[in-house]
Amino acid sequence: MTNPAKLVFFGALLAASAPFASADSISLGSFATGTSAASLGFTSSQTAMNFAGYTAYASPPAAASAPALQSGTAGTYALAANGVWAGPVGNSSWVGSTPDSGPGGVDPPYGYYQFTTDFTATAASDYSGSISVMADDTAEVLLNGVAIVPFGALGSDLHCADSVVNCSTVDVVSLSGITLLGGSDANVLTFIVEQAGSEGTTPDPSGVDFTASLVGDAPVPEPRSLVLLATGLLGGTGCLFRRRKTA
């Protein structure tokens, strides 16, 4: 094989073997300590929900702005809906800070209960998708410290919040243009659950449940241009061989 033909051949081989970029698909959901994300079909890099801390209401109890973010990592518990809450979304589970904080258990004190879960993404590109949330009484959701789901309006609070986020209706929020931390850096979802009590109605449980799905907007991969190059090089190789035949 002549030197030009060798160059064309190896150039085509190199270009054809170049890896292609693909979109990163992330599936998340709430689950308690002791359960793995993979067993529920969620992204294997996701951690269990952690109870990060509690902030008491001012006295008398009144809704207030979200408290400072907590950083604790206490264990969490799976809670049964028990006919009071809507069933969990998908393969997720209702999660609480104590095993008896769900329906029929012990009423947690008024205040804000924070939960966190970590996950990783392959690239820091823009992501889009949705998050589905339920909570009692209501909750705010933050991604890497930025609010993506606001609290629901408590209203009469006869059961849980009157408006989503609440415990009887799944609040589905569309997400777009979300920038995640890439590589080994952890992205953090924080759930601030507002526990305000109910007007004489018992029990008054507290918990949170969610699922989320995100897909990275894969950029136009450089290997596409390499494929075009490979196609041209392969065509050039064919021309060289034909010339050699007719010579």
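Colleague: Let's start with Phe151: at 23% relative accessibility, is it buried, partly exposed or exposed?
Modeller: First, this is a predicted model, where local features need pLDDT of at least 70 and side-chain atom pairs count only at pLDDT 80 or more, while totals for chains, interfaces and linings use all residues. Residues are numbered from 1 along each chain as its sequence is written, and side-chain values use heavy atoms, leaving out hydrogens and water. Buried means under 20% relative accessible area, exposed means over 50%, and partly exposed is in between (1.4 Å probe, protein chains only). With its 23%, Phe151 therefore counts as partly exposed.

Colleague: And which strands does the loop with Phe151 lie between?
Modeller: Strands here are DSSP runs of E with at least two residues, helices are runs of H or I with at least four, and both are numbered from the N terminus. The loop holding Phe151 lies between β8 (146–149) and β9 (171–179).

Colleague: Which residues does Phe151 touch, if we skip those up to four places away in sequence?
Modeller: A contact means heavy atoms within 4.5 Å. By that rule, Phe151 touches Ala66, Tyr112, Thr138, Ala139, Glu140, Ile192 and Glu194.

Colleague: Strand β7 covers residues 138–143, so in what sense do β7 and β8 pair?
Modeller: Two strands pair if DSSP finds at least two bridges between them. Val141 has Val149 of β8 as its bridge partner. In the hairpin of β7 and β8, two residues sit between the strands, and Asn144 takes a positive phi near 50°. Over three bridges, the sense of the β7 and β8 pairing is antiparallel.

Colleague: What handedness does the disulfide of Cys160 and Cys167 have?
Modeller: A disulfide is a pair of cysteine sulfur atoms within 2.5 Å, and the sulfur atoms of Cys160 and Cys167 are 2.2 Å apart. Their torsion about the S-S bond is about -90°, so the disulfide is left-handed.

Colleague: Are Cys160 and Cys167 buried or exposed?
Modeller: Cys160 has a relative accessible area of 3%, so it counts as buried. Cys167 comes out at 0%, and so Cys167 is likewise buried.

Colleague: Stepping back, how many helices and strands does the protein chain have?
Modeller: From the N terminus, the order of elements is α-β-α-β-β-β-β-β-β-β-β-β-β-α. In total, the secondary structure comes to three helices and 11 strands.

Colleague: What share of the contacts with a separation of 6 or more joins residues 24 or more positions apart?
Modeller: The protein chain has 247 residues, of which 42% count as buried. For those contacts, the share from residues 24 or more positions apart is 73%.
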